[in-house]
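Work through these exercises with the model open. Try each task before reading its solution.

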Amino acid sequence: LDAFNAGGNQGADDRTSAVGLEVIDSVTVQIGQHMLKSGGRFESTGQDSVSRAGFGGTFLFGADKDRDASGAPILDGAGGPVYISPIENYRRTLLGMPGYGPSQFSIVSGEPRVGISQWNAGWFVTDFWAASKRLSLSYGVRQELQNNLKARLNLAPRAHLSWLFDEAGTSSVKAGAGVFYENVDQDLTLRVKRLDGARQRQLIVPTPAFFPNVPVTVASAIAIEPTLYAKSDDLRMPHWIRTSVSYERQLPWKLWAVVDYLHERGVNLLRSRNINALLPGAATLARSPLFQYESTGRASAHELQLTLTGNIGRNSVSATYKLARRRGDTDGASSLPADPNDLSADYGPLGSDRRHDFVASTSFAIPGGFYVIPSLTVASGRPFNITTGRDSNNDNVFTDRPGFAKPGDLNAIATPYGLLNPNPRPGDPMIPRNLGRDPWQTGVNLSVIKSLPRAMTITIDAENLLNQTRFAD
């Protein structure tokens with residue numbers, strides 16, 4: 001955990017084929033100052049997938065206890081264990097040191113082929129009304145539907161206003177609001193159908209006694225039920241409620257300035273959790289792990305964007321600064337909470353919560369028929385989750401987070417985010433999700449373009465001219 005993000009690809013021979021059909025049609029009718037538009041869309045996809053991912057088995061190394069030469073845990077002054085990092089646990093296991101081993105083993109078996117079909121459809125009606133030369137309105141409604149979910153209305157009303165302050169159109173205000181639904185990806189349906197415990201069985205073995213050799217028949221060697229994946233009976237299409245206001249103003253030198261404000265609220269967002277996880281006070285799991293996709297996530301976002309664009313002489317310029325704040329409790333259908341019995345503890349910065357983002361570029365000609373386009377990007381860091389590397393609540397997921405240290409807590413760790421306690425006691429609040437932050441990112445890029453006869457163009461791109469460390473987005 002937290003040491004490698006690539007390698008060990010067991011899905012190299014995966015094969016997927018898909019056949020789809022999409023039909024789109026719309027009609028527009030002009031009635032006086034009203035332009036009515038209506039249309040619909042239908043899309044159907046059949047997918048056949050052969051996947052052997054996980055068939056070879058996977059050992060997972062999380063944090064472990066520091067041990068003496070006989071393999072017994074070493075205790076601190078308060079009688080509690082002292083923990084080591086996942087990669088240190090892995091190193092000591094490879095050395096054959098007593099007491100160390102994998103934290104979890106998982107393996108998939110069964111029929112690798114699975115096929116699904118899924119369709120989604122939508123229709124809309126919109127009225128664009130030119131109320132005057134300087135004021136226009138549009139309003140309408142859209143409906144989104146798809147199979148493999150419980151049928152619902154999913155109506156999405158929308159409205160937009162545009163008002164020119166003067167006849168010349170040098171300044172204007174635009175505002176809009178609406179509901180926007182998102183389809184549930186067919187890969188989610190494919191995973192649920194594949195790992196249903198009948199077609200394919202995923203076995204998870206906590207603290208396996210074997211390594212690196214896997215028993216010939218894990219199922220018969222260990223009495224454990226298969227891990228299942230399912231959809232919640234109340235699974236629905238996630239949607240966002242968006243409101244935006246913008247002001248545009250023409251400036252000297254053929255420049256335009258735009259100020260945009262956007263607010264978003266996410267409702268019924270997708271997430272996962274083990275609904276058969278160990279309850280507080282229980283000694284053992286009563287049932288096999290059941291990872292369920294649910295529509296229980298929520299999010300909220302505020303975004304202010306300042307844009308300057310246009311031409312100064314023969315040179316084009318563009319600059320955008322964005323200030324944003326995005327919070328929520330899920331980053332997608334595969335997001336797993338630290339505590340499956342307390343989803344409220346996961347509300348915090350979203351993975352996309354980049355507070356400051358600045359992009360600037362220009363384009364100008366130089367002798368020889370060349371165009372040079374330099375660009376600059378400066379952005380604050382994105383958040384990352386801080387975890388203990390252990391599965392303390394026995395939900396088969398290593399997403400447990402530390403707590404903030406209290407006076408008298410031993411083994412407290414000093415971090416840029418405060419003193420953290422890697423061994424929180426039952427009832428201690430965890431640190432917020434995605435508490436960590438990457439450092440600021442700066443990038444300077446340069447493109448040189450040369451147009452040749454016969455409609456040919458040569459482009460040379462140089463990225464990251466300052467050779468700054470670039471974290472993956």
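The exercises below concern a predicted model and cover helices, salt bridges and aromatic contacts.

**Exercise 1. Find which residues of helix H1 are buried, and decide how they are arranged around the axis.**

Solution. 
- Start with the range: H1 spans residues 86-94.
- Pick out the buried positions: Pro86, Glu88, Asn89, Arg92 and Thr93.
- Look down the axis. These buried residues fall within an arc of 160°, so they line one face of H1.
- Recall the geometry: an α-helix has 3.6 residues a turn, so residues three or four places apart point the same way.
- Now look for the cover. It includes strand S4 (64-65) and strand S5 (83-84).
- Finish past the helix. Gly96 follows H1 and has a positive phi, near 75°.

**Exercise 2. Determine what caps the N-terminal end of helix H2 and what its buried residues pack against.**

Solution. 
- H2 covers residues 186-194.
- The buried residues are Gln186, Leu188, Thr189, Leu190, Val192 and Arg194.
- Their packing partners are S2, S7, strand S11 (200-206), strand S12 (228-231), strand S14 (255-274) and strand S15 (290-312).

**Exercise 3. Asp48 pairs with Arg113, and Asp346 with Arg401. For each residue, decide: buried or partly exposed?**

Solution. 
- Asp48 and Arg113 form a salt bridge at 2.5 Å, N to O.
- This pair links distant parts of the chain, 65 residues apart: Asp48 is in strand S2 (residues 34-50) and Arg113 in strand S7 (residues 113-129).
- Apply the cut-off: buried means under 20% relative accessible area.
- Asp48 has 26%, so Asp48 is partly exposed. Arg113 has 40% and is also partly exposed.
- Turn to Asp346 and Arg401. Their closest N and O atoms are 3.1 Å apart.
- Asp346 sits in the loop between strand S16 (315-328) and strand S17 (348-349). Arg401 sits in the loop between strand S20 (383-384) and strand S21 (403-404), 55 residues apart from Asp346.
- Asp346 is at 2%, so Asp346 is buried. Arg401 is at 2% and is buried too.
- Elsewhere, salt bridges link Arg41, Glu43, Arg142 and Glu144 in a network.

**Exercise 4. Classify the ring pairs Phe105–Phe210 and Phe165–Tyr247.**

Solution. 
- The whole structure has 10 aromatic pairs.
- For Phe105 and Phe210, the ring centres are 5.2 Å apart and the planes are at 80°, so this pair is edge-to-face.
- Phe105 is in strand S6 (residues 104-110) and Phe210 in the loop between S11 and helix H3 (218-221), so the contact ties together parts 105 residues apart in sequence.
- Both Phe105 and Phe210 are buried.
- For Phe165 and Tyr247, the centres are 6.0 Å apart and the planes at 40°, so the pair is tilted.
- Phe165 is partly exposed at 31%, and Tyr247 is partly exposed at 32%.
- Widen the view. Phe59, Phe61, Tyr90, Phe105, Phe210 and Phe211 form one aromatic cluster.

**Exercise 5. Which ring does the charged end of Arg191 sit over, and which does Arg390 lie over?**

Solution. 
- Arg191 sits over the ring of Tyr229, with its charged end 4.3 Å from the centre.
- Arg390 lies over the face of Tyr83, 3.5 Å from the ring centre.

Key: Residues are numbered from 1 along each chain as its sequence is written. This is a predicted model: local features need pLDDT of at least 70, side-chain atom pairs count only at pLDDT 80 or more; totals for chains, interfaces and linings use all residues. Side-chain values use heavy atoms; hydrogens and water are left out. Buried means under 20% relative accessible area, exposed over 50%, partly exposed in between (1.4 Å probe, protein chains only). Helices (H or I, at least four residues) and strands (E, at least two) are DSSP runs, numbered from the N terminus. The arc is that of the directions from the helix axis to the C-beta atoms. Contact means heavy atoms within 4.5 Å. A salt bridge is a side-chain nitrogen of Lys or Arg within 4 Å of a carboxyl oxygen of Asp or Glu. A polar contact is a pair of N or O atoms within 3.5 Å; within protein, one must be able to donate a hydrogen and the other to accept it, and residues adjacent in sequence count only if both atoms are side-chain atoms. Rings of Phe, Tyr and Trp (its six-membered ring) pair if their centres lie within 6.5 Å; planes under 30 degrees apart count as stacked, over 60 as edge-to-face and the rest as tilted. A charge sits over a ring if NZ of Lys or CZ of Arg is within 6 Å of the ring centre and within 35 degrees of the ring normal.
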